[in-house]
Structures are given as structure tokens and as C-alpha cells.
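Take a walk through this model, one site at a time. Keep the 3D view open as you read.

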Amino acid sequence: MNALPRFLAAFAASLLLAAPFAARSNTLEAIKQRNKIIVAVDISAPPYGMLDGQARQTGSDVEAAQLLAKDLGVALEIVPVNGPNRVPFLLSRKVDVVLASFSITEERKKVVAYSAPYGVVPVLVAGPGSASVASFSDLAGKTIAVTRGTTSDQELTRGLKDIPGAQIVRYEDDATTNTAVATGQQDFLVGAPSVLPAIKKANPARDIVPKFIAKSYPYAVGLRKNEPELKEWLDGWVEANLKNGKFNEIYQRYFGMPLPADMQR
């Protein structure tokens with residue numbers, strides 16, 4: 001066999017090997033054929049995801065996932081995740097997409113893709129009402145709680161880089177972080193504003209209040225890279241539900257405030 005036939009044979013073989021992978025990579029088609037979308041949601045991060053008094057899943061991301069399945073015309077399966085395992089679950093194909101207060105960061109964009117944003121989460125630094133804290137420099141010598149692998153963790157790590165004596169204590173989920181602060185293991189924490197009512201509910205005597213906003217992040221649906229069909233559909237879905245006000249209704253229901261005006265436009 002001369003060089004050309006050998007090349008053509010190898011090329012044909014490579015196409016055959018690549019075909020199954022290409023079929024698997026079209027997640028949108030797979031969802032429709034399965035008639036079900038599998039969505040990662042952090043059920044331990046109120047008000048994004050939580051259990052109500054009847055142990056039913058609820059929260060802003062739960063409602064967004066329900067809206068997603070409804071608009072796709074398929075059934076919904078929610079897979080509970082936490083901050084550290086959201087990306088691994090997505091990349092290992094345990095889920096189709098992530099709706100778990102999934103903030104858009106440059107670090108995550110290296111390994112995953114995002115839809116257009118459908119909400120925003122501010123990174124809040126909080127502590128005792130009597131403490132005078134207006135910047136990261138005021139946390140020198142203090143111990144701060146945060147949930148591992150979150151944008152709050154990233155901002156806290158950056159903010160404390162050159163602050164002497166500050167110690168970060170990382171917990172595996174928001175519920176554990178909130179409990180640590182509610183029980184007095186730490187007096188300071190960094191997280192979403194939604195953690196403060198949870199701490200107050202767990203221990204009404206704890207006077208933990210906002211100190212300053214470190215940064216605000218838009219959040220979006222997370223998906224695997226190189227899935228153009230799914231990304232195009234998700235971008236259109238987000239745009240439609242921002243325009244018709246459904247995302248704003250969900251956000252106001254759980255956060256007590258509207259989405260930023262520029263996002264609604």
C-alpha cells in the first residue's frame with residue numbers, strides 16, 4: 001500500500017472513532033432524546049437551593065431549573081452538589097448543566113462554558129456589629145469562615161494575600177459555614193447576603209451584620225465547553241425569561257430585591 005491509500009485509510013478510521021464522541025458532545029440532542037434534563041443544584045445554599053419544612057427542594061435555582069425543564073419540554077432531575085464538586089460533576093457528565101449560584105469567573109472559564117447571566121450575587125464580608133471593618137486590611141489578625149471553592153473563597157484569598165495574621169477557615173458547604181459562625185467558632189465570614197438570615201435563624205443572639213461588599217458577580221448556567229447547540233439554546237432561553245420578567249420574579253421572591261436594571265433590559 002502506497003502513502004496516499006494509507007493516509008486515506010487512517011483518516012477514515014479517525015472519523016469512525018470520532019463519530020461517537022461527536023454524538024455524545026451534543027448534550028442538547030441527548031437531553032431531548034432522553035426526555036429529561038439533569039441539573040446540578042446546591043441544595044445547601046439558601047436561598048439558591050434549600051429544603052422547605054416538608055423536605056422539598058426549593059430556592060431560586062430550583063425554580064430556575066424547573067423553568068428550564070418546562071421550557072425545554074422535558075422532565076427534570078436535580079442532582080444535589082456543593083461548591084467544590086459543581087465543576088467535577090459537570091465535567092464527568094454526571095449532570096447536563098449547573099444551576100448552583102454558579103458565578104462567572106475567569107478561573108472557571110478556563111474549564112467550563114457559561115450561558116448569558118440570569119442573576120447576580122454580591123460577595124459580602126460580614127462580622128459582629130461592634131467590629132469596625134471596612135476593608136480587607138481591617139481583618140488583620142482575625143479568623144474568617146468561608147465555603148470552599150466558591151467565588152467568596154476566591155475573593156477572600158485574594159483580599160487577604162498581604163494581610164498579616166488573617167486566617168481562613170474553609171468549610172465544605174454553606175450550611176456548615178453558617179453553623180460555624182452561628183455557634184461562635186468564627187466571628188467573621190465571607191459569602192452571599194443570603195447567609196445572614198440563616199445565621200440569625202440558627203442563633204438569634206448572634207449579631208452578624210454586613211461590613212462591606214468585596215465584589216459582585218453575575219451567575220449563569222454552567223455547561224461543558226464545545227457544546228454550541230446547547231449554549232445557543234440557553235442564551236436564547238435566558239434572554240427570553242429576562243425580557244418576560246420570569247427571572248426577575250424568581251429573584252425578587254427569594255432576595256427581596258429586583259435584578260439590576262441593566263440585566264433586565
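In this predicted model, the side chains of glutamate 227 and arginine 224 are joined by a polar contact of 3.3 Å. Glutamate 227 sits in the loop between β12 (222–223) and α9 (228–243). Is this glutamate 227 buried or exposed? Its relative accessible area is 4%. Buried means under 20%, so glutamate 227 is buried.

Move on to α9. Here the side chains of aspartate 235 and lysine 231 meet in a salt bridge, 3.0 Å from N to O. The two residues are four apart in helix α9, so about one helical turn separates them. Aspartate 235 is partly exposed, at 23% relative accessibility. Lysine 231 is also partly exposed, with a relative accessible area of 31%.

How many salt bridges does a search of the whole structure find? The search gives 13. One of them joins the side chains of lysine 36 and glutamate 77, at 2.8 Å from N to O. Lysine 36 belongs to strand β1 (residues 36–41) and glutamate 77 to strand β4 (residues 75–80), so the pair ties together parts that are 41 residues apart in sequence. Both partners are partly exposed: lysine 36 has 28% relative accessibility, and glutamate 77 has 30%. In another salt bridge, the side chains of aspartate 52 and arginine 56 meet at 2.9 Å, N to O. Aspartate 52 is partly exposed, with a relative accessible area of 25%.

Now turn to helix α6. Why does α6 count as largely enclosed by the rest of the structure? The helix spans residues 151–159, and seven of its nine residues are buried, so the rest of the structure largely encloses it. The buried residues are Thr151, Ser152, Asp153, Gln154, Glu155, Leu156 and Gly159. What do they pack against? One partner is a helix, α5 (106–109). The others are the strands β7 (119–128), β8 (143–147), β9 (167–171), β10 (188–191) and β11 (208–219).

Asparagine 178 lies in another helix, α7 (residues 174–182). This asparagine 178 is buried, at 6% relative accessibility. Leaving aside residues up to four places away in sequence, asparagine 178 touches Leu189, Val195, Ala198 and Ile199.

Next come the empty spaces. Rolling a probe the size of a water molecule over the atoms shows where such space is left. A search of the whole structure finds two cavities of 30 Å³ or more.

The largest cavity holds about 220 Å³ of space. Its lining counts 23 residues. Ser101, Thr150, Ser152, Asp174 and Ala192 lie nearest its centre. Ser152 is also one of the buried residues of α6. Which elements each supply at least two residues of this lining? They are β7, β8, α6 and β10. β7 gives the most, with three residues. By class, the lining of the largest cavity has ten nonpolar, nine polar and four charged residues.

The second largest cavity holds about 50 Å³ of space. Ser60, Ala64, Tyr118, Tyr219, Phe247, Ile250 and Tyr251 line it. Both α3 (60–72) and α10 supply at least two residues of this lining. The largest share, three residues, comes from α10. Six residues of the lining are nonpolar, one is polar, and no residue is charged.

β7 and α10 (246–255) each supply at least two residues of the pocket lining. Here α10 gives the most, with three residues. The lining of the largest pocket divides into nine nonpolar, two polar and no charged residues.

Terms used
Residues are numbered from 1 along each chain as its sequence is written. This is a predicted model: local features need pLDDT of at least 70, side-chain atom pairs count only at pLDDT 80 or more; totals for chains, interfaces and linings use all residues. Side-chain values use heavy atoms; hydrogens and water are left out. Buried means under 20% relative accessible area, exposed over 50%, partly exposed in between (1.4 Å probe, protein chains only). Contact means heavy atoms within 4.5 Å. A polar contact is a pair of N or O atoms within 3.5 Å; within protein, one must be able to donate a hydrogen and the other to accept it, and residues adjacent in sequence count only if both atoms are side-chain atoms. Ala, Val, Leu, Ile, Met, Phe, Trp, Tyr, Cys and Pro count as nonpolar, Asp, Glu, Lys and Arg as charged, and the others, Gly among them, as polar. A salt bridge is a side-chain nitrogen of Lys or Arg within 4 Å of a carboxyl oxygen of Asp or Glu. On a 1 Å grid over the protein atoms alone, a cavity is a set of points where a 1.4 Å probe fits but cannot get out, and a pocket is an open set with protein on both sides within 12 Å along at least five of seven lines; lining residues have an atom within 4 Å of a point. Grid points are joined across faces, edges and corners, and a volume is the space filled by probe spheres set on the points.
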